[in-house]
Amino acid sequence: MDIKLKIWRQKNASTKGKFENYELREVSPEMSFLEMLDYLNKQLIEGGKEPVTFEHDCREGICGTCGLYINGRPHGPATHTTTCELHMREFKDGETIIVEPWRSKAFPIIKDLAVDRSAFDKIMHAGGFVSIDTGSAREANAIPINKKISDRAFDAAVCIGCGACVAACKNSSAMLFVAAKVSQYAMLPQGKVEAADRVQRMVAKMDELGFGFCSNSYACEFDCPKGISVEFIAQMNREFLSAKLCSHKNH
Amino acid sequence: MIKLDSKIPGGPIADKWSNYKNSLRLVNPANKKKLEVIVVGTGLAGASAASALGELGYNVKVFCFQDSPRRAHSVAAQGGINAAKNYKNDGDSVYRLFHDMIKGGDYRAREANVYRAAEVSNEVIDHFTALGVPFARDYGGMLDNRSFGGVQVSRTFYAKGQTGQQCLLGTYSSLNRQIAKGRVKMFPRRDMLDVVIIDGKARGIITRNLVTGEIERHGAHAVVLATGGYGTVFYLSTLALGSNATAAWSAHKKGALFANPSFIQIHPTSIPVLNDYQCKLTLMSESLRNDGRVWVPKEKGDKRHPSQIPEEERDYYLERRYPAFGNLVPRDVASRAAKERCDAGFGVGDTGLSVYLDFKDAIAKQGKKAIEDKYGNLFEMYEKITGSNPYNEPMRIYPAGHYTMGGLWVDYNLMTTIPGLYAIGESNFSDHGANRLGASSLMQCSGDGYFILPYTMGDYMADEIKVPKTDIKHPEFEKAEKEVTDRIDRLMAVNGSQTASSFHKRLGKILWDHCGMFRNAQGLQKGLELLNQLEEEFWKEIKVPGSKTEMNQELEKAIKVADFFEVGRLMIEDALDRNESCGAHFREEYQTEQGEARRDDANYSYVAAWEYQGPGKKPLLHKEPLKFEFVELKERSYK
């Protein structure tokens with residue numbers, strides 16, 4: 001198949017970017033989207049031009065490195081699919097495909113399609129952990145955990161930190177990302193001890209880093225490649241509220 | 001002249017580690033605060049080591065090439081993590097796990113290290129559970145286990161098909177806690193390009209900042225490499241595209257011996273190659289062989305749809321050849337058996353280079369829901385990549401380069417032959433012999449990082465308490481930085497016409513064809529010739545666009561590919577030296593009448609540790625003899 005591409009090119013953070021047009025012939029429908037970009041880059045390099053910078057690593061949908069805004073959707077048109085798992089068979093012969101980086105103030109552009117998502121790590125530093133030192137754990141089966149609860153915690157824990165939720169949200173909210181971690185730990189006995197502190201610290205950090213508020217559009221869930229449910233946002237809101245109420249009581 | 005001293009403590013195998021720990025010197029908390037450690041890599045090994053060392057009070061600096069430590073390739077491990085808990089009451093024990101690993105590794109691993117890995121495995125599971133890792137549970141709320149290849153017990157803990165992700169996020173969380181406390185400083189988006197040695201001791205590293213292109217110097221009292229394996233040498237492999245050998249290779253060139261480089265695991269169940277532009281093969285977890293049955297048609301070149309091939313016309317060749325272990329034979333055995341069937345003309349798919357992994361019977365017996373619970377995400381992943389639904393038709397799979405048992409030689413302290421330079425996780429060679437059993441990689445990485453290195457490093461640091469912080473203006477830093485800069489300049493200056501990836505692809509093909517699943521002396525020699533020719537062409541024809549003072553992914557690739565040529569050469573040297581078959585190293589000249597690996601214990605029961613002798617010079621072989629005091633050397637049989 002032949003395709004046309006409109007790709008955002010930007011030399012670095014301080015330079016203005018613009019769309020460049022490319023035409024690519026003999027694309028195989030079996031190619032993944034990133035293999036298609038590899039193919040484009042090979043032609044650019046051999047033609048003496050600068051290749052398109054885009055981030056990727058595992059290419060099997062689990063590391064969360066890749067993330068392109070394709071035809072107006074994070075990770076493109078396929079549901080529950082990361083950019084690296086997206087295949088060209090999802091597109092039509094002759095189609096024009098628009099490729100942009102994640103668009104969010106909290107994720108500044110580094111170059112072309114690569115953005116800086118270190119804000120996510122900073123939120124995790126604020127409380128995305130259970131405070132236990134190596135060596136002090138008790139026997140793993142000492143605390144039984146109801147299978148339903150444990151499975152639910154797993155459903156929250158599958159977040160790959162790609163940032164699609166932020167890119168999908170018109171407010172650039174990171175609520176789904178934060179809620180997934182807060183909920184995972186709040187549901188497990190190991191994480192419960194610090195749950196009230198954790199949610200307050202992580203939410204405060206999220207606000208400080210310039211992520212927007214949540215207006216319940218559910219775009220995050222819709223575009224999350226792992227299908228993480230917005231119910232976790234509701235759960236986080238409950239955790240947050242009760243933490244606030246308790247901390248008021250104590251003061 | 002390097003003398004290998006493995007520092008294996010004496011005494012009965014079960015007491016070695018506890019006695020040794022009691023003999024190790026300690027560093028008091030006030031002194032730990034004065035000491036700096038560099039950890040390179042943030043996978044399960046690096047992140048666990050960094051957080052455990054941070055908890056102890058050391059000042060830790062951690063480096064990764066990814067934008068976040070959470071993306072290290074441990075994240076992609078699927079099936080599980082082993083431990084000798086014996087929760088299933090099926091006869092498991094630390095000794096049994098140890099024995100399975102020694103046998104699985106075809107008697108080419110060091111007994112004491114393997115026993116210790118098995119011994120700390122239970123603590124690893126306790127710790128991960130305490131960190132909030134959501135392992136699968138049964139209806140009573142207890143942790144569940146499943147079975148893996150090469151063993152007859154169920155000792156594998158798992159979190160659906162995402163065990164690596166969940167364990168890695170566990171170590172990432174403990175790392176974050178130390179970062180928040182200021183005990184660990186994180187340096188993401190850095191490629192380590194050299195190790196700096198001052199007066200014979202590792203004192204720092206040289207990195208390239210992948211955003212600015214700046215060449216940076218970082219000093220410390222000790223350096224830990226947790227930089228993973230070099231399986232991407234094959235180009236097409238199950239690894240992340242960024243995985244590379246450069247950090248470990250730079251240490252090798254500075255004097256760290258490299259052990260058993262030809263021991264590379266070819267994983268039997270990967271999604272086959274689908275198009276010519278593919279640069280990555282996706283693994284389908286070994287755990288699938290718990291319920292999936294491997295088969296090919298009995299008739300050569302049978303092109304019928306699998307559902308049209310009746311039961312009696314299918315050859316379940318693993319069950320036929322290995323009745324005791326059936327579909328759960330170890331990886332090396334399963335891979336060779338698949339290649340054998342395909343080479344003999346029984347392979348399926350357009351290319352004939354794949355076999356079926358069929359869940360029909362499991363679905364009929366257990367129901368679709370049970371299979372979905374266990375492998376849901378893997379089935380989805382398979383469908384996304386291939387467009388075919390494995391609930392309705394069998395998966396097609398084929399072997400792919402996966403894990404490197406070989407790596408930097410380390411002693412019992414996990415220290416390389418360079419004092420103060422440690423190698424942990426996949427980057428060392430020590431625990432898996434000539435073949436790794438499934439679910440023992442996550443186990444080894446986290447054991448090394450959380451429960452072994454923090455002890456052994458103290459013994460070295462006890463002598464460092466009076467040593468001031470490393471001065472990064474030292475002439476050795478100067479020299480190392482210049483070497484790195486010169487190599488980058490040399491790559492940029494070629495200005496040829498071919499991309500780094502195109503060379504990598506050709507190099508991978510040479511190694512896959514000549515130093516892959518089946519090897520022979522003639523083929524290896526031929527491979528060496530082809531590799532040398534291609535390397536020469538590389539240095540004449542490589543094209544690196546852009547500049548070195550910016551984000552430049554092509555430069556990153558070119559640096560790595562340049563090193564892969566050298567790694568590949570050492571793999572071939574090693575494979576040529578070892579005139580026997582063992583585990584993943586299968587020399588066609590040395591096989592039994594049934595086509596199984598034939599070891600030569602009298603002549604090759606050693607670790608081959610290679611010393612770098614300079615560019616263009618033959619590496620020097622050192623042999624560490626392997627002693628088997630606690631297991632009996634036997635022919636490895638899964639029949």
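How many Å separate the centres of domain 1 of chain A and domain 2 of chain A, taken over C-alpha atoms? The answer is 30 Å. Keep in mind that this is a predicted model.

## Two domains in chain A

Let's start with where those domains sit. The domain assignment puts domain 1 of chain A at 3–111 and domain 2 of chain A at 118–250. The two domains touch each other: domain 1 of chain A brings 18 residues to the contact, and domain 2 of chain A brings 16. On the domain 1 side, you'll find eight polar residues, seven nonpolar ones and three charged ones.

## Chain A as a whole

Now zoom out. Chain A has 251 residues, and 52% of them count as buried. Its C-alpha atoms fill a box of roughly 65 × 40 × 35 Å along the principal axes. Inside chain A there are seven strands and nine helices.

How does the chain come back to itself? Take the contacts in chain A with a separation of 6 or more: 69% of them involve residues 24 or more positions apart.

## Where chain A meets chain B

In the contact between the chains, 62 residues of chain A meet 62 residues of chain B. On the chain B side, helices 3 (44–56), 5 (111–130), 6 (163–181), 11 (368–386) and 16 (553–577) each supply at least two residues. Helix 6 of chain B gives the most, with nine residues.

What kinds of residues make up the side of chain B that touches chain A? They divide into 26 nonpolar, 23 polar and 13 charged.

Key. Residues numbered from 1 in each chain as written. Chains lettered and ligands numbered in written order. Predicted model: local features only at pLDDT ≥ 70, side-chain atom pairs only at ≥ 80, totals over all residues. Domains from an automatic or database assignment. Contact = placed C-beta atoms within 7 Å. Nonpolar A, V, L, I, M, F, W, Y, C, P; charged D, E, K, R; others polar. Helix = DSSP H or I, 4+ residues; strand = E, 2+ residues; numbered from the N terminus. Buried ≥ 20, exposed ≤ 12 C-beta atoms within 10 Å, placed from the backbone.
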